[in-house]
Amino acid sequence: MTKLRISIVQYLNTAPLVWGFTNGTLRGKYDLSFTVPSQCAEQLRTGEADIAIIPAIEYARIPDLEILPELSIASKKMVRSLLLVSKAPIGQFKSVALDASSRSTQALTRILCAELWKIAPEFIEMPPDLETMLKKADAALLIGDPALRLSLTMEPYSTRIEDHGSQKTPHKPPIAGWMWDAEKAGVASPSQRLFVFDVVEQWRSMTGLPAVLAVWAARKGVATPEVGADFLASRDFGMLRIAEISSDAARELELPADKLESYLRDNIDFSLDEENRRGLELYFAHAAKLGLIPQAKPIAWASVDVVGAQHAAPHLARS
């Protein structure tokens, strides 16, 4: 039987979802490939993949998909790996360089600009290099491991701030963020002082709901109950091994294992619970309002054998 082809984002925050496929007894059962979020979506769109972890926005753009329930990459309050970095406060920049590797966070940033901050900057897609982005634009959107690396580097040199806006255009409530000292941190930047905003924190401020960043999506009819159970079991297996995942990633990323473990435990939520689903549906509604997707279509769910997954997860360790 031909193996199902799974397209996977090559970021740290995806590792717990696929740990059973890469390091457990499910290894070899599926044909795995690793790339950036936008390419995962493209592979699903073109039929090069049967199942993919895709930017949430792409579910509304690609026809005939089903979402695997109970699984996502989400963040409840603050994510630390989706950052808007600016040379000026919100409202004082005219252009934003967008990391070209993710479409979902691009859409989220456009929603925040229009609906929360009430600004209309020029958007420019660029590769994720902060110095180059800030030479071309007033602000830069960074995502994933590059953003997390920058966040961990800069946090000791950051000060929590509240941007109240101006008397003419006050921010109500104030916009919470950080001021970073790039020079002290040794980070190459056209500006010594940087204003930094966590995109998920801003979404939560606007909506009171979490942000769902990516979902497992399958071509219709592909994700049988057994397949769905494997994906749940792989996630559950990974959740029991966060320390191991963080230690492995620390060597590859050359970042402190305890900081990576804190990020996976405290900033990322791997469920698709009721609150996350409401956040996802509201995200689609805002995206449709701004014309970023054709419509906020109802979510089609793949069927999953939850009992089978619960039984399988503890037994995925390779002997």
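Predicted model: local features only at pLDDT ≥ 70, side-chain atom pairs only at ≥ 80, totals over all residues.

To begin, in which strand is the place of Leu 98?

Guide: Leu 98 sits in strand S7, which covers residues 95–99. Its relative accessible area is 0%, so Leu 98 is buried, given that buried means under 20%. What surrounds Leu 98 there? Setting aside neighbours within four places in sequence, Leu 98 is in contact with Gln 106, Thr 109, Arg 110, Phe 123, Ile 124, Glu 125, Met 126, Met 133 and Leu 141.

For another leucine, turn to Leu 148, which belongs to helix H6, residues 144–154. Leu 148 counts as buried because its relative accessibility is 1%. Not counting residues up to four places away in sequence, Leu 148 touches Leu 12, Arg 80, Ser 81, Leu 260 and Tyr 263. From Leu 148 to His 171 the separation is 23 residues in sequence and 27 Å in space, C-alpha to C-alpha.

Finally, a whole helix can be viewed in the same way. Helix H1 spans residues 15–23, and seven of its nine residues are buried, so H1 is largely enclosed by the rest of the structure. The buried residues in H1 include Ala 15, Pro 16, Leu 17 and Val 18, and Trp 19, Gly 20 and Phe 21 are buried there too.

How values were computed
Residues numbered from 1 in each chain as written. Heavy atoms only, no water. Helix = DSSP H or I, 4+ residues; strand = E, 2+ residues; numbered from the N terminus. Buried < 20%, exposed > 50% of the residue type's maximum accessible area, 1.4 Å probe, protein only. Contact = heavy atoms within 4.5 Å.
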